[in-house]
Amino acid sequence: MKRLELEIPIDIKLSLYPSFISFLFNMYDNKLVKVYGAGKNCKIIVNRNGREITYSEECEPFISEWMGLWFNPYDYLSKVKRSKRYIVERIIECYERLRLMVSSYDRDFVFIATFLSRRANYHVSVIKWVRKILELSKENIDNIQSMNMRAVGSSYQLKQLSEIIPSYIELRRTLRNVSPWSERAALMDLKYVGPKVIDAYLLFTCRGSIFTPSDVHYQRVSRYLELMDKEIIVPSKNMCLLNKAFCIDCKFKDKCLTGSSIQLYGPLSGWIQTVSYVHDKLYCSRNECSNCPLKNICTR
């Protein structure tokens, strides 16, 4: 077993909760076991204060991504627009233990999870669906093409996955060694696949902390914390298809939540959106304002 001491502690439960790689692990108290995909059966133990990680040697190639060690939000404060730095500093102070847990080694499985998460509860339904798919397919994405999704469930998300998976498999063969932005543009052509799905997929598979899967959670928290300078909208597939440029060059960037977030927060954009998802789930949607650690900067 190897040991790694952390300068900034990790909250393993908090970090795993919003991550689209969480379905790949079983968690037992403070111990993680990889049960699907690359590095299967790897074991990771986080000590009680979150400052030390112990892991089996076979985890070595993956540990930085899986534990979010590749990304430190403090490194990117200088990239934030000056008018927003005070807000971001408060967010980082509150959520520094929340790491971006990703896996570039399990891209196909993460794509399936993000696709199925459209208008579905990730923790209640999606994790169950994806695990069943991986078991029935023997973790071979090519086998999914011939699967009867009724053996998994009857939701429209599963039906649509069965419909588009051959196109996805064909497309992914042409996407090797392309930039994440080129991959984003190519995936946008897939039926039923919009910017939120693609940005979540890229955020959790390519160390792309700039990718921002904007949703109602980010929209709500952005309004409460005044993360944006004006009222803007969640991006739509039609908007992205009309202008396949990088978000920073998109003609809709000033009225789009994703484009505006990237302009204001740069490489912190995807992490701030992830924090917003967690914060909304824990506090805003529950009206837990009195217990909110960010109430001093909230305008609600």
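V197 sits in helix α9, which covers residues 195-203 (helices are DSSP runs of H or I with at least four residues, strands are E runs of at least two, and both are numbered from the N terminus). The model is a predicted one, with local features needing pLDDT of at least 70 and side-chain atom pairs counting only at pLDDT 80 or more, while totals for chains, interfaces and linings use all residues. Residues are numbered from 1 along each chain as its sequence is written, and side-chain values use heavy atoms, with hydrogens and water left out.

With a relative accessibility of 5%, V197 counts as buried (under 20% relative accessible area; exposed is over 50% and partly exposed lies in between, for a 1.4 Å probe and protein chains only). Setting aside residues up to four places away in sequence, V197 touches T114, F115 and R118, contact being heavy atoms within 4.5 Å. A113 is 84 residues from V197 along the chain, yet their C-alpha atoms are separated by 9.2 Å.

Moving on, T212 is found in the loop between α9 and α10. T212 is buried too, at 0% relative accessible area. Beyond residues up to four places away, T212 touches D199, Y218, T258, S261, I262, S269, G270 and Q273.

Then there is the pairing of helix α10 (residues 216-225) with helix α13 (residues 269-282), whose axes come within 8 Å and cross at roughly 90 degrees. Axes here are lines fitted to C-alpha atoms, for helices over the stretch in contact, with angles running from 0 to 180 degrees between N-to-C directions. On the α10 side H217, Y218, R220 and V221 take part, meeting S269, I272, Q273, S276, Y277, D280 and K281 of α13. The residues of this contact split into 4 nonpolar, 4 polar and 3 charged (Ala, Val, Leu, Ile, Met, Phe, Trp, Tyr, Cys and Pro count as nonpolar, Asp, Glu, Lys and Arg as charged, and the others, Gly among them, as polar).

Zooming out, the protein has 13 helices and 5 strands, and 55% of its 300 residues are buried. Of its contacts with a separation of 6 or more, 65% link residues 24 or more positions apart. The C-alpha trace spans about 50 × 50 × 40 Å along its principal axes.
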